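This briefing goes through the structure shown below by topic.

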Amino acid sequence: MSKTFQNIPGTFDILPEAFTSDGTTVESSASWHYVEERIREVMAHYRFHEIRTPIFEPTELIARGVGELTDIVSKEMFAFERGDTHYVLRPELTAPAIRAYLQHHLAQKGGIQKLYYMGPCFRAEKPQKGRYRQFHQFGVEIIGAIDARADAETVAVLIQIYKSFGLKDLVLKINSLGDEKCRPAYKTALQEYFEPLASKLSETSRKRLKTNPLRILDTKIEDEQELIQGAPRLVDFIDDASREHYEDVKGHLTALEIPFVEDPFLVRGLDYYTRTAYELDSPHLGAQSTLAGGGRYDLLAQELGSSEAIPAVGFAAGIERLFLALDGEGIALPDAEQTDVYIIALGDGAEKWAFKTANEWRVAGLRVAFDLQGRSMKAQMRDANRHGASKVVIVGDDELTSGKAIVRQMETGDQETAPFDGLLALIR
Ligand code: AMP
């Protein structure tokens, strides 16, 4: 027997119909379209414009943009090389977006750039529910704005996207990370706090204690989370300007009636994250509770080669986790794209007529389906139902002779007869 192939674990196919495999449901392509279109619609309301960047990027961009010490760069990159050039499949889209902004001199277009993106990302993680090797992110970047309203606007569009699906169980956590000037003092304070506790820390956290102690705060280990409760808090170390910015962000969120909780231990573990950090959680995701993470990164552009600092703020969100949250809140999405009309043809002559007519109506802008197997009336009617057709046109030998077809409204079951040349107008 010849070998058949399977998709790589941690990736999945999206099919016309939803399916479940290994306890994970993959929604239908129609559901994906629906979700993607909704997201684009809300992005348009908030005047974010799409940017599409390549699926692969130079390794160095991602290493710098995401940070050498992060899990993503140190162990999760899908990397390959050709000749002397090293590439990675993009694990996220902020570094590529800032690269494109700098490369195309978007700063010179005047004003502030409000970009959004949507597409696949790749991380070599251990596959589990809500955590895949190829997953889909959407996100925004507001580039060039230092104003606290920009931070709040990224939160507002994020929340509105989830709300537009009817989601209610959303928890927004925020914090301020201060800037690069107050960070060293906080790092030292964390090291002083954790060093005597080192024997109680995991190996990973012990390593982080030396390299990047802020990342210890990211731990998912319960015992460590308890230790963190007594740790020094970032808010006590931040400078006056950052504190003022933080107060402004909170004020703007309150003005927009967006509820939030302050989480003094929420960090985005990279050095060039500054000031605002936030996370959107859902209680329906189990171990992977985060729907989206965002914040300000005023130092990233310089890290990627800009001669000057370019303030920027944004978020990244996972579409698979959005689906999990929808499922958790019992929100059903359209599972099939509607068919306007299904033509049932009985007999050779009628099949020829249906084949030609279906194409004419398709060209005229209707969604038209018909049977390709010459099946019985009953089987074709079942197929019409499966297509979710709102109308069915029935043609057999008698109809061909009379030049009239039967039109059936599927919802009511009402039927009428109409001449061929009046069908299109009737169906529309
Ligand atoms: P991050 O770039 O790590 O802050 O991730 C932003 C968002 O992307 C997360 O909150 C998740 O919703 C989603 N995400 C990140 N990694 C994965 C993954 N491996 N599988 C599915 N979703 C992910």
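## Ligand site and sheets

In this predicted model, a polar backbone atom of Leu291 lies 2.9 Å from an oxygen atom of the ligand. Gly318 likewise places a polar backbone atom 3.0 Å from a ligand oxygen atom, while in Gln137 an N or O atom of the side chain is 3.1 Å from an oxygen atom of the ligand.

**Surroundings of the ligand**

- The protein buries 89% of the 480 Å² that the ligand exposes when taken alone.
- Two or more residues of the shell around the ligand are given by each of strand S8 (134–143), strand S12 (290–296) and strand S13 (312–318).
- The ligand has 15 residues around it, of which Arg123, Glu125, Tyr132, Leu291 and Gly318 come nearest.

**The eight-stranded sheet**

- Eight strands, in the order S3-S7-S8-S13-S12-S11-S9-S10, form an open sheet whose pairing is mixed.
- Strand S3 (49–50) and strand S10 (261–262) stand at the edges of this sheet with a single partner strand each, so one side of each is left without a neighbour in the sheet.
- S3 runs parallel to strand S7 (residues 113–122), to which two bridges join it, and His49 stands opposite Leu115 in S7.
- Helix H4 (residues 94–103) lies across S7, S8 and S13, and runs at about 45° to S8.
- Helix H5 (residues 148–164) lies across S7, S8, S9, strand S11 (274–281), S12 and S13, and its course makes about 20° with S13.

**The three-stranded sheet**

- A further open sheet is formed by three strands in the order S4-S6-S5, with antiparallel pairing.
- Its edges are strand S4 (56–58) and strand S5 (79–82), each of which has a single partner strand, so one side of each is left without a neighbour in the sheet.
- On average, and with direction ignored, neighbouring strands of this sheet are turned by 35° against each other.
- S5 pairs with strand S6 (residues 85–89) in the antiparallel sense over four bridges, and Glu81 stands opposite His86 in S6.
- Helix H2 (residues 59–66) packs on the sheet, where it touches S4 and S6, and its direction makes about 80° with that of S4.

**A loop residue**

- Lys181 lies in the loop between strand S9 (171–176) and helix H6 (183–194), and its relative accessible area of 64% makes it exposed.
- Between Lys181 and Phe237 there are 10.0 Å in space, C-alpha to C-alpha, although the two are 56 residues apart in sequence.

Definitions and conventions:
Residues numbered from 1 in each chain as written. Predicted model: local features only at pLDDT ≥ 70, side-chain atom pairs only at ≥ 80, totals over all residues. Heavy atoms only, no water. Pairing = 2+ DSSP bridges. Axes fitted to C-alpha atoms, helices over the stretch in contact; angles between N-to-C directions. Contact = heavy atoms within 4.5 Å. Buried < 20%, exposed > 50% of the residue type's maximum accessible area, 1.4 Å probe, protein only. Near = heavy atom within 4 Å. Polar contact = N/O pair within 3.5 Å; in protein donor to acceptor, adjacent residues only side chain to side chain. Areas by Shrake-Rupley, 256 points an atom, 1.4 Å probe, with all protein chains shown as cover.
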